[in-house]
2 protein chains.
Amino acid sequence: MVALKTNSQRMRKFSLSLLLLSPALAFGQDLVQYVKPIIGTAKMGHTYPGATVPFGMVQLSPETDTIPYEMNGRYNPDVYKYCAGYQYTDKTIVGFSHTHFSGTGHSDLGDFLIMPTTGPLQLNPGTADHPENGYRSRFSHENETAEAAYYKVKLDDHNILAELTATNRVGFHQYTFPEAGNAHIILDLMAGIYNYGNKNVWTFVRIENDSLITGYRQTAGWARTRTVYFAMTFSKPFTKYGHQNYANDVYKGFWRKFDQTENFPEMAGRQIRAWFDFNTRPGEKIQVKFALSPVSTAGALNNLRTEAPDWDFDAVKKKGQADWNKELAKIRVNALSNDDMVNFYTAMYHTFLGPTTYMDVDGGYRGLDQLNHSAEGFTNYTTFSLWDTYRALHPFFNIIQPQRNADMVRSMLEHYNQSVHKMLPVWSHYANENWCMIGYHSVSVIADAIMKGNINGYDANKALDACATTARYRKYDGLGYYMDMGYVPEDKNSSSVSKTLEYAYDDWCIAQVAKKLGRNDLYEEFIKRSQNYRNVFDPSTGFMRPKLSDGTFRKEFDVLSTHGQGYIEGNAWNYSLYVPQYPAEMIAMMGGKKQFTGHLDSLFTMHLPDAFFAETEDITREGIIGNYVHGNEPAHHAAYLYNWTDAPWKTQERVRMILEKMYKPAADGLGGNDDCGQMSAWYIFTTLGFYPVCPGSTEYALGSPAIRSAELHLENGKTFSVEAVNQGAKNVYVKKVELNGKPLTGRFLTHADIMNGGKIVFYMDRKPKK
Amino acid sequence: MVALKTNSQRMRKFSLSLLLLSPALAFGQDLVQYVKPIIGTAKMGHTYPGATVPFGMVQLSPETDTIPYEMNGRYNPDVYKYCAGYQYTDKTIVGFSHTHFSGTGHSDLGDFLIMPTTGPLQLNPGTADHPENGYRSRFSHENETAEAAYYKVKLDDHNILAELTATNRVGFHQYTFPEAGNAHIILDLMAGIYNYGNKNVWTFVRIENDSLITGYRQTAGWARTRTVYFAMTFSKPFTKYGHQNYANDVYKGFWRKFDQTENFPEMAGRQIRAWFDFNTRPGEKIQVKFALSPVSTAGALNNLRTEAPDWDFDAVKKKGQADWNKELAKIRVNALSNDDMVNFYTAMYHTFLGPTTYMDVDGGYRGLDQLNHSAEGFTNYTTFSLWDTYRALHPFFNIIQPQRNADMVRSMLEHYNQSVHKMLPVWSHYANENWCMIGYHSVSVIADAIMKGNINGYDANKALDACATTARYRKYDGLGYYMDMGYVPEDKNSSSVSKTLEYAYDDWCIAQVAKKLGRNDLYEEFIKRSQNYRNVFDPSTGFMRPKLSDGTFRKEFDVLSTHGQGYIEGNAWNYSLYVPQYPAEMIAMMGGKKQFTGHLDSLFTMHLPDAFFAETEDITREGIIGNYVHGNEPAHHAAYLYNWTDAPWKTQERVRMILEKMYKPAADGLGGNDDCGQMSAWYIFTTLGFYPVCPGSTEYALGSPAIRSAELHLENGKTFSVEAVNQGAKNVYVKKVELNGKPLTGRFLTHADIMNGGKIVFYMDRKPKK
């Protein structure tokens, strides 16, 4: 979602500062300058502005509010705004916590909120309207800097400058205090994102000595059984400390012997806020290092001592930004403008935020079976938003982060091994399956990796078995019906059309791997299932349509609405295009190329009534073009479908329009949830001129590159270059394409073309080649 | 507490069956026949009748009720009755759970309640008055058998015969069903002893396959942060299974996709009851093996497979009883009657119930720091009821279980190493300090072991340091005041006299070790503190008396009451005798031998008003003799104090009277809480004719043996024999004593006398030797 408010002074200032940058610098070392973590922090982007390193376990970022799930017993719709804890238009900061999702449409985390304060100790957070009644503080964007691996803000109410940086597993805080006889650092263990009911299951804290604290937080939220351990150390001993326990339903027993509220070194309970006091000189910096572990406090302490042994904030920041530069430099791009440079490298940044590292420096991690495991020979990752990221993020990784992607596959296979359901992850985070959204798109990620030869560190045959077993788990989301009837009947299981279509695509992925590995029985089983999309196509309307268990289509049918119509996060217009495995067959089924071209044109140009937006979750007018919804994923491939018609120039036109409308270098610059990098991965692919319409195939559909040139520096040592000759904002049409000096006559590029190194040249034109 | 109801038919039956036993058998192999776990299960004994092996991790025993801590918002005094889950006079059994304290006066545990049922599935427990409304069942003692390592009962409402046995870490159930198309086995994870508020923190269950279940239960009760893991397996696959989740305050998220109530293999939440269904033939036995672990479900599974690999219930029972015979045979006794044989070996049984094993078969255990540790070269134990057990139980272990006692010391030292407070255990269980009662009596246990040369497996100097550091933890229970002022002032900290006296004794223990190890600085520090008992002695009343911080004695003073008078679980009469380290000095301070003898006589003969019992916790008329309270611990040494006067024959008379009045072979046969074996250890010492008045010294005060003869088979291969010549129920007085054929002229026996092997002969007489 975009809604650029360039008329506001704030936004203007922000844009002005961008103009000072030179595109030429992109070829120098400092690509971090183009990363603006603030992008997507307004409205629905759901990104966070704080400090993190590539694929880092710690995401140390400010919370501008911590909204409870319910207010006065009713669902509070504002919780959705705070998936990442930060909303750009808010005026106060509650504190800085250590775990955040990037761009999700559902929420959790926000672990271990730290807030430095001055004045009388206040242990409640206060309100946005009356921050003075609690520990939170006003702030302004003038005094705020968000960079890759660095965040800085002035906390006006406390006259404290807060700076944050991070290593993979350690958040590093630096607070510059005024003179204060009574400076406080609060550790709020009650705070958290999406505090539904009794989300806090248990928290435990030990004051190990005058500057080291360990403990853990266990929650039952989106992740049902989740524990995060920590070790926290101060650069200076505290003068005293204490805590309040706000839960009264826990037996206190003989702990009553002690005054536990002050200088008592062991705290445990459901609702705890701790505080640490310091005397400070004017301008004195107090630093906090805060390490996480999925395993134990000892693991956190080992992470702390290994990754951040010293008290050199600037060195950690420098190292973090160097790490970012290294990752960003995997693609060197010459964009059309500074804004585009910012869009591109911020998109790169967003794609490299996750999946996140989920193991200690010694390889230990908590498994789905709640047991401790050791990752031997791979990095274990978590936070798999697979319904989103199988589309473009993991294919992007197969080009630019192949070893990490192979490790992500390995992590998914370990999840499978630990699963009592014997399922690969659906949407998993922190040793939990949260079952969010639909499909079993792990199989797409695995197929894409195997088909592209990215099989380092795992057994492709075992991976195939895991895919097949997952796809046969009858209890899952209508899958039993699908297996028996060839579709999910809407009267038995909702969102039945979306499920049927996505299962059929996933089944095709399994079939491809089975074919490649010579597993004919599996190939036959799943290639047959891949045809099931046909079972929900209604020739009388030309749309995919919910079918009942008696074999008839449901009578009520609204092709615009997303509610109760057989779809999820998409309507019939968008979802009916979802047969990525067989675009040509789908087009034939829908009346042939000509009729389909007109149908697609309608999608991009029709006008939707306001009522549509009022009732539709996750979609706003800013996130759509006509009825094409870019702010959500189901139709992300749609603009590329013109490639299978006689009008590929319409793909070129549409994708450039989407790039322009949906991505802006501003806080509200994302046209919808970034969804753990999927929106950004779409941007990168499309900007480079090609897109993986069907992950699991080795083909990329060509589009219209939006840069002058780019170099992809591959892990295999080769370089693949993209050049756009005669490029310009209006030269969106491709006249001809050459690969390694030879004409590329088709509309596709193969994975091998890229990985072998070489150069693709697009000759751009202002007019379409019809 | 005794209150023998021999007029009731039930009790008569029980006594009759005992008469059939022959004392001669005591010298055969089967000592288990004398163990009656039912002893102490009525009234205040707080023992449990179920199956366990010596020092076993699993205590598999029936619950006759699970009383919530509060009823209608108010404290429910009945919770106290159910410390061990079972009350003999109850008519129904709720189920069989796997963890129980033996004889405590406070409660926790009751983990993993299993109940087999027939008929329609009922997941609520029902009530004692209406068991038919729930899964519980009526039963009768006619159909109940309680042996060491074996328990059997007929569940009348379900027509099921339930049998229980155990290995160290595995509970083994055998249920004989009638023909039932729909037999159930319920696993109630909500059930538990002392369910205060939200005691259940989290429970987690995985159905690994058609007969294996794993999971854990995390509670916040007496132990604040406690988790027990399990692995459970059935001898026959279930036909279906399911669960109900009774907590509605947990976010359900996308788990709603599934019907989790039936055949869904993953359960998690705060309030869960699971069920498993079976088809049964008439008389079909379904067995359940249920393993525990303090570390993980994998640990539990490994314990299960290591300790109980087969499905041979009888073999496990036989092995368990053989283990008991082996331990019981460490003392071979020829008692005066069958009743005394039962009393003696049941006392042995009770002393060997704990501390309990707290580590997996591979040595892994959870530490006080909530980290997993490995016990290298020792067995890690938990459940240290030290205010009770330092008196006689651990001294008894130093004779008859020295290696286990050394391992218990080692376990306490590991607790210290893991403690953020740097304190040895006060009252600890399951990786938690619960801080129950007063003093720091770990130091007594450690001093007793070191002074008696039982130092295998730990460093005595480090142990001494741990003792000294513990004794200097100023935050603890008035200890700062004590260190500064030489006493605990009652206006600053309650039960101040009891604390002052016990600290002074503990300090003496530290001084003894310091002296032995040549640590003069520590000796000086603590021998000085050991004199602090003098600071609370009031010569004007002749009693120890609460003193205020201004140095004056508190004006209000009631020498009978235990409430608010400066004492805990004892009154001035009993507690004023508590200077075990300096009996002679105490007697001099109290007016000399003659006056003290009269004072002691008064204690044993005075009549207390009924009002005393109405207001006094933990003491009933059955548990006292005069004003001497045997049902609680503070005066357990008192009857032996006549040894320091000119009337040692009064010790002989009193202790025989106490043995007779306070110990009976009946359900209500214990004169108070058995307190993890302390009451029973008192019985054993006293029956053998000597008692450790001051643990930490190597002397035992002689009393009056109550057996004809006994042989103590020591771990060092030697045998120490006790013989009572001219023994008889009325021949309670000792005319002379010979040790190894030579007259023993003093009133004491040394530890070396025992451990060197040999023989002590008491020549008994009907008349006192004045």
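## A tour of chains A and B

Start with chain A coloured by secondary structure: 19 helices and 38 strands make up its elements. The model is a predicted one, so keep confidence colouring at hand as you go.

**Stop 1: the whole of chain A.** Show the C-alpha atoms alone. Along the principal axes they occupy a box of roughly 80 × 60 × 50 Å. The radius of gyration of chain A is 26 Å, which agrees with the value near 27 Å that a compact globule of 770 residues would have. Colour by burial next: 61% of the 770 residues count as buried. Then consider contacts in chain A with a separation of 6 or more; 70% of them are between residues 24 or more positions apart.

**Stop 2: both chains together.** How is chain B laid on chain A? A turn of 180 degrees with a shift of 0.0 Å along the axis does it, at an RMSD of 0.0 Å. The two copies are therefore related as by a two-fold rotation axis. To find that axis from the side of chain B, select B:Val201, whose C-alpha is the nearest to it in that chain, at 3.1 Å. Both copies use the same surface, since 100% of the contact residues of chain B recur in chain A.

**Stop 3: the side of chain B that touches chain A.** Select the residues of chain B in contact with chain A: there are 40, and they meet 40 residues of chain A. Which elements of chain B each supply at least two residues to this side? They are β13 (200-207), β17 (266-269) and α2 (297-307). Among the contributors, β13(B) gives the most, with five residues. Now colour the selection by residue class: 20 residues are nonpolar, ten are polar and ten are charged.

**Stop 4: strand β38 of chain B.** Move on to residues 758-765 of chain B, which form strand β38.

To see how the strands line up, centre the view on B:Phe762 in β38(B). Opposite B:Phe762 stands B:Ala724, and B:Val737 also stands opposite B:Phe762. While the side chains are displayed, recall that in a regular strand they alternate between the two faces of the sheet.

Definitions and conventions: Residues are numbered from 1 along each chain as its sequence is written. Chains are lettered from A and ligands numbered from 1 in the order in which they are written. Two residues are in contact if their C-beta atoms, placed from the backbone, lie within 7 Å. Helices (H or I, at least four residues) and strands (E, at least two) are DSSP runs, numbered from the N terminus. Ala, Val, Leu, Ile, Met, Phe, Trp, Tyr, Cys and Pro count as nonpolar, Asp, Glu, Lys and Arg as charged, and the others, Gly among them, as polar. Two strands pair if DSSP finds at least two bridges between them. Copies are superposed by least squares on the C-alpha atoms of residues with pLDDT of at least 70 in both. The radius of gyration is taken over C-alpha atoms; the globule rule is 2.2 Å times the number of residues to the power 0.38. A residue is buried if 20 or more other C-beta atoms lie within 10 Å of its own, exposed if 12 or fewer, and partly exposed in between; C-beta atoms are placed from the backbone.
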